[in-house]
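Here is a short briefing for a first look. Please view the sequence and the structure, then read on.

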Amino acid sequence: MATAVAVALTSVGPAAPPARAQSATRGMPIIRDTEIEQLMRDYATPILRAAGLAKQNVKVVVLNNRSFNAFVMDGRHIFVHAGALFDAKTPNEVIGVFAHETGHMAGGHLQRLREQLASAQTASIIALLAGIGALAAGARAGGGGGDVGMAAIMAPQSAIQRSLLAYVRTQEDQADHAGLKFLNATHQSPRGMVDLFKRLASENLFASKYVDPYLQSHPMPTDRVAALETQAKASPYWDRKDPPELQMRHDMMRAKLSGFLENPGTVARRYPLSDTSLPARYARAISAYRHSDLRQAIAMIDGLISAQPGNPYFHELKGQALLEGGRPAEAVAPLRQASQMSHHAPLIDVMLAQALNATSNKAYAEEAVGLLRNAVSRDPDVPSAYTQLAMAYGRKGDLANADLASAQAAFTSGDLVTARQLATRAKTRLPVGSPAWVRADDIVNVKPANIRAGN
């Protein structure tokens, strides 16, 4: 049953991440990067609006996993593997994936699946009890009664599994239909969804010859693609192309993932020196700073900045390279530029504050506090922001708020014991009833079940 649940929640397919990363309490390695997250929002927002989910604050979460996959687990998140972004050649392919996943959320499939699982669990228990009764009767009678009892257990379990997986296949088919509807409503081509599924079908063709189609959580690839393509080609937007500027952002995103996640040899093969495009130069510059000579990497990044002076992510990259290269004072200026150009994107402001803290200049403490307070108010699920805030408060000599920020860092990371200890100490230093004291008191009194994973 656990296997059935896991498969049912998977909806499409069979290192050090960019900028910032964190692991959710359940062990999912999450990639945090302003540039990538903004692109994912731009892909998903029109689809979510067409599905009537714009007000649900649905977030796209990128997981550091090289396999091709995307899935939903609740009504607030679409999870996509970095491998899906690597393998999707066009924005339209990723948008098609999001349209399919949004179909699951809009169709209420997760809640219905839970109901089906509950029914299956009850049926399993009944079948198991009946089988145990047959085993006992066989044992009393002697002979081969045990075989009869085992068959009585296994046969109903197999039927239940097939019934559940058939239900899931129906949901997948419904999500495909809904995805086409959302793409048409947003005047986008369904070609990307079809092309992507065709590629997956081709990769899985050999294996699928030896698989029982009634034991799969998804329709067999060839059948699914054939049904989808017939309907998709009827769309008036079938031949519509992605705008060139969006394709460029997509290519830059893939280059960034390659530079951060792949080894230098792979980056060099994927983006050889003969490729002078901006994405290729981006990937090589990232790879150089992470694995080679910092001086060479800075020269390459300066070349990117010369090509696009208004691109905040190039300035961010320069600041990150300098910061991680042990030159925080030099990192401050490019990170300030990146912060201003990105309208104070929280993750970039956190990195700027980190650079200010790393200079050990007490004069920067107040600026760092302001940046971090703004960052956590807009994105509270970044543990490193609270850690840096604790350092900044410590430099100011504000030990009460330093303790509170440290407690929040531990809480956001899922370390409830440490969070309570630090929050308890913070309460002794804060004015009773003040907003900060109330936040500390909330942490002290929180129940383990109320902890939510950062994402």
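Predicted model: local features only at pLDDT ≥ 70, side-chain atom pairs only at ≥ 80, totals over all residues.

**Strand 3 and its partners**

- Strand 3 covers residues 59-63. Four of its five residues are buried, and the strand is mostly covered.
- Strand 2, residues 29-32, runs antiparallel to strand 3. Two bridges join them.
- Isoleucine 30 has leucine 63 of strand 3 as its bridge partner.
- Strand 5, residues 77-81, pairs with strand 3 in the parallel sense. This pairing has five bridges.
- In strand 5, phenylalanine 79 stands opposite valine 61.
- In a regular strand, side chains alternate between the two faces of the sheet.

**Helix 14: length and bend**

- Helix 14 spans residues 328-341. At 1.5 Å a residue, its 14 residues should span 20 Å, and the end C-alpha atoms are 20 Å apart, so the two values agree.
- The helix bends by about 25° at proline 334.
- Just after helix 14, histidine 343 takes a positive phi of about 55°.

**Helix 14: buried residues**

- Which residues of helix 14 are buried? They are Pro328, Ala331, Val332, Pro334, Leu335, Ala338 and Ser339.
- An α-helix has 3.6 residues a turn, so residues three or four places apart point the same way.
- The cover over the buried residues of helix 14 includes helix 13 (312-324) and helix 15 (346-358).

Conventions: Residues numbered from 1 in each chain as written. Heavy atoms only, no water. Buried < 20%, exposed > 50% of the residue type's maximum accessible area, 1.4 Å probe, protein only. Pairing = 2+ DSSP bridges. Expected span 1.5 Å × (residues − 1). Bend = angle between axes of the 7 residues up to and from the residue. Contact = heavy atoms within 4.5 Å.
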